[in-house]
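Hi,

Here is the structure I said I would pass on.

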Amino acid sequence: MCIRDRPGLRDFMPKPKFPAPLPASEGHGVGRSVFVETYGCQMNNADSEIVRSVMHSAGYGLATSLDDADIVLLNTCAIREGAERKIWNRLDALRGERRTRSKGGLTVGVLGCMAVSYTHLT
């Protein structure tokens with residue numbers, strides 16, 4: 001039996017659960033802008049840069065403030081209790097912001113370890 005005839009690493013990896021990302025050529029983000037707020041560690045800063053790059057590649061503009069954004073993403077850290085409380089307060093403020101805008105005017109997303117810690121709720 002040749003090595004090429006044996007199972008490889010891909011044979012033991014789980015199949016992806018999520019669909020492939022949409023190509024930027026389809027223009028899914030055209031005309032929309034995203035603002036990313038980062039909380040926590042240096043790793044979150046690096047992750048936020050990746051998120052900005054992916055969103056920009058998908059056609060989204062990068063907003064410089066919440067006022068200019070159609071989408072706000074909170075990249076979170078939940079290591080300390082105070083950090084998590086800060087995010088909940090921010091989400092409450094963003095709920096108020098959503099109410100002042102027209103329907104569909106602001107989409108809010110949570111990324112990072114706080115989001116992961118609440119995946120059991122979905």
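Predicted model: local features only at pLDDT ≥ 70, side-chain atom pairs only at ≥ 80, totals over all residues.

Residues are numbered from 1 along each chain as its sequence is written, and side-chain values use heavy atoms, with hydrogens and water left out.

The chain has 3 helices and 4 strands (DSSP runs numbered from the N terminus, with helices being H or I of at least four residues and strands E of at least two). Reading from the N terminus, the elements go β-α-β-β-α-β-α. Of the 122 residues, 27% count as buried (under 20% relative accessible area, with exposed being over 50% and partly exposed in between, using a 1.4 Å probe and protein chains only). Among contacts (heavy atoms within 4.5 Å) with a separation of 6 or more, 75% come from residues 24 or more positions apart.

Now the sheet. The 4 strands make an open, parallel sheet in the order β2-β1-β3-β4; two strands pair if DSSP finds at least two bridges between them. β2 (61-62) and β4 (107-112) are at the edges with a single partner strand each, so one side of each has no neighbour in the sheet. Helix α1 (residues 42-57) packs on this sheet and touches β1, β2, β3 and β4, its direction making about 175° with that of β1 (axes are lines fitted to C-alpha atoms, for helices over the stretch in contact, and angles run from 0 to 180 degrees between N-to-C directions).

Ile71 in turn has Thr107 as its bridge partner in β4, and β3 and β4 pair over 6 bridges.

How much of β3 is buried? The answer is 6 of its 6 residues, with Ile71, Leu73 and Asn75 on one side and Val72, Leu74 and Thr76 on the other. For β1, 5 of the 6 residues are buried, so the rest of the structure largely encloses this strand.

Asn45 is partly exposed at 33% relative accessible area, and lies 8.4 Å from Asn75, C-alpha to C-alpha, despite being 30 residues apart in sequence. Met43 counts as exposed at 54%.

Finally, the largest pocket holds about 150 Å³ of space. On a 1 Å grid over the protein atoms alone, a pocket is an open set of points where a 1.4 Å probe fits, with protein on both sides within 12 Å along at least five of seven lines, and lining residues have an atom within 4 Å of a point. Grid points are joined across faces, edges and corners, and the volume is the space filled by probe spheres set on the points. Trp88, Leu91, Asp92, Leu94, Arg95, Arg98 and Val108 form the lining, to which α2 (residues 81-100) gives the most, with 6 residues. That same helix α2 lies across β1, β3 and β4, at about 175° to β3.

Cheers
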